[in-house]
Amino acid sequence: MENFVQDAISEPVSPAGQFLSNSVLSLSVIAVLETEVPFDDSQAMYLLRTVFLPINPRFSSIIVTNEDGEQRWKRVEVRVEDHVNVPVFPAGMSPEFYDKCLDDYLSKIAMEHLPQSRPLWEIHIIKYPTSHAAGNVIFKLHHSLGDGFSLMGALLSCLQRADNPSLPLTFPSVQLHANKDGKNFSVRRTLHKFFSTVYNTASDFSSSILKSCSAEDDKTPIRSGQHGVEFLPVGIETMTFSLDHIKQIKSKLGVTLNDVITGTIFLGTRLYMETLSPGSGSANSSSLVLLNTRVFAGYKSIEEMVKPNAELPWGNHFAFLNITLPKLRDAGAENPLQFVFKARQIIKRKRMSSFAVYLTAKYLQLVSKFRGAQGASKYIHGTMMNTSMGITNVIGPIEQMALASHPVKGLYFVVTGAPQSLVVGVISYAGKLRVALLVEKDFIDPRKLKSHIEHAFDLIFKAACSSETSPLAN
């Protein structure tokens with residue numbers, strides 16, 4: 001165990017951090033950087049000591065419980081070499097062979113728990129060429145350290161622009177669902193919106209409580225419903241879409257990028273379900289979509305994020321939106337655009353009842369007060385277990401990045417430890433959108449699911465770009 005730093009400053013672990021780090025629920029993020037050239041692991045120790053550890057004190061801290069039962073971050077002396085792993089595979093094999101080695105290795109580390117006796121992160125350096133990259137650098141970080149926004153900010157602090165390290169990385173602007181009716185604020189319209197918001201908030205809050213307790217999705221080809229599914233072996237598959245193509249669909253339909261990719265994932269998932277079990281394409285299935293509760297305006301420096309009362313603070317600032325998957329029989333498999341429109345409609349309505357997110361957060365605080373952090377974790381665990389899939393997305397930079405002068409060819413991530421058979425991670429990077437699937441091994445066929453999602457995107461793209469298609473009118 002690392003030695004305690006004398007007179008180390010100890011800060012409390014946030015409630016969200018405690019909810020995600022105990023025996024009931026323990027989530028981690030695995031981020032994979034694919035490099036264009038083999039990564040020189042001799043630089044790893046220096047980079048971690050001089051660049052990574054100074055980013056945030058939590059990377060040099062462990063979670064301890066004081067005599068009052070309060071969890072706090074405790075600074076320790078970090079033995080960096082204990083956090084770096086460089087696996088050895090047979091030499092001189094084909095890229096396809098190393099694809100399998102990487103898949104098996106990712107599955108292995110996804111199932112392993114980070115030791116609580118040292119800071120909750122580790123690095124894995126794969127020095128063998130796969131079909132996608134000359135090398136891979138894998139970061140595994142516990143979710144109690146921060147959410148995707150925080151960890152992406154930390155990751156970006158270690159990287160530079162590949163074309164010009166002196167210039168800052170830039171990010172795409174975020175399009176929100178706008179009010180297209182301008183200043184039409186009639187009394188009737190205002191009252192209608194008010195009562196709709198109240199009704200939707202009450203409905204979403206009550207359904208959230210029920211989902212954690214008893215409102216269980218159907219068992220389908222994407223949900224085994226097996227208790228302890230988070231401890232079973234997993235497989236990981238990724239796919240890449242052109243952001244230019246997604247923007248074409250967005251422009252044609254008058255929707256957002258999130259609407260397009262969510263509709264694509266929902267349609268592809270339903271097609272996969274229907275193929276494996278006819279009729280299940282219209283089963284009762286839902287998805288937890290992770291929502292960043294900050295007002296995103298680009299990533300800030302770590303110095304700004306850790307300041308008290310920061311505009312975009314470090315930590316876990318997220319909420320789950322419970323989204324019902326459109327059914328094939330309702331959306332109409334012959335009209336793939338309906339999945340985009342229905343995804344937009346559902347997400348927009350859920351955002352309008354965002355006060356339900358606030359109520360749920362207050363409810364979790366109340367549960368935590370009387371039943372402890374594990375009581376709140378049981379609520380979150382139950383909600384995840386009773387839904388069919390989870391989706392989380394992160395915005396990445398427009399320009400290509402480099403890690404210690406190693407150009408990063410691709411980037412993807414997954415969340416591990418969730419009690420679900422299917423978890424999806426989405427990230428944009430350098431003109432591409434990467435979708436990663438983490439699936440329950442030997443239950444979901446990741447390659448078939450990938451094929452159906454890619455097919456769904458092709459169907460949506462062709463339908464959107466046809467001359468008969470007109471933008472969505474709100």
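Predicted model: local features only at pLDDT ≥ 70, side-chain atom pairs only at ≥ 80, totals over all residues.

**Entry 1: strand S15.** I began with strand S15 (residues 422–429) and found that eight of its eight residues are buried, so S15 is largely enclosed by the rest of the structure. Buried means under 20% relative accessible area, exposed means over 50%, and partly exposed lies in between, with a 1.4 Å probe and protein chains only. Strands are DSSP runs of E with at least two residues, helices are runs of H or I with at least four, and both are numbered from the N terminus.

Residues are numbered from 1 along each chain as its sequence is written, and side-chain values use heavy atoms, with hydrogens and water left out.

Which residues of S15 point which way? I noted Leu 422, Val 424, Val 426 and Ser 428 on one side, and Val 423, Gly 425, Ile 427 and Tyr 429 on the other. All of them are buried.

**Entry 2: the neighbours of S15.** Next I looked for pairing, which needs at least two DSSP bridges between two strands. Strand S12 (residues 389–394) runs parallel to S15, and five bridges join them. Here Val 394 stands opposite Ile 427. I also checked the cover on S12: five of its six residues are buried.

Strand S16 (residues 432–440) runs antiparallel to S15, with eight bridges between the two. Ile 427 turns up again, this time with Arg 434 of S16 as its bridge partner. The hairpin of S15 and S16 has two residues between the strands, and in it Ala 430 takes a positive phi near 50°.

**Entry 3: a three-stranded sheet.** I then moved to an open sheet of three strands, in the order S1-S4-S3, with antiparallel pairing. Its edge strands are S1 (11–12) and S3 (61–65), each of which pairs on one side only. Five bridges join S3 to S4 (residues 71–75), and Ile 62 stands opposite Lys 74 in S4.

**Entry 4: helix H12.** How far apart are the end C-alpha atoms of H12 (residues 446–464)? They are 27 Å apart. The expected span is 1.5 Å times one less than the number of residues, which gives 27 Å for these 19 residues, so the two values agree.

I listed the buried residues of H12: Pro 446, Leu 449, His 452, Ile 453, Ala 456, Phe 457, Ile 460 and Ala 464. Seen down the helix axis, they fall within an arc of 140°, so they line one face of H12. That arc is taken from the directions from the axis to the C-beta atoms. On the face turned away from the buried side I found the exposed residues Arg 447 and Lys 462. At the start of H12, a side-chain oxygen of Asp 445 reaches to within 3.1 Å of the backbone nitrogen of Arg 447.

**Entry 5: aromatic pairs.** A search of the whole structure gave me nine aromatic pairs. Rings of Phe, Tyr and Trp (its six-membered ring) pair if their centres lie within 6.5 Å; planes under 30 degrees apart are stacked, over 60 edge-to-face, and the rest tilted.

Phe 52 and Phe 139 have ring centres 6.3 Å apart and planes at 45°, so this pair is tilted. Phe 52 lies in helix H2 (residues 44–52) and Phe 139 in strand S7 (residues 135–142), so the pair ties together parts that are 87 residues apart in sequence. Phe 52 is buried at 4% relative accessible area, and Phe 139 is buried at 6%.

Phe 241 and Phe 457 form another tilted pair, 4.8 Å centre to centre with 40° between the planes. This pair links strand S9 (residues 234–242), which holds Phe 241, to helix H12, which holds Phe 457, 216 residues apart. Phe 241 counts as buried at 5% relative accessibility, and Phe 457 counts as buried at 5%.

I also found a cluster linked by ring pairs: Phe 89, Phe 97, Tyr 98, Tyr 105 and Tyr 128.

**Entry 6: cysteines.** How many disulfides does the structure hold? I counted zero, taking a disulfide as a pair of cysteine sulfur atoms within 2.5 Å. Cys 158 counts as buried at 10% relative accessibility, whereas Cys 465 is partly exposed at 29%.

Definitions and conventions:
Polar contact = N/O pair within 3.5 Å; in protein donor to acceptor, adjacent residues only side chain to side chain.
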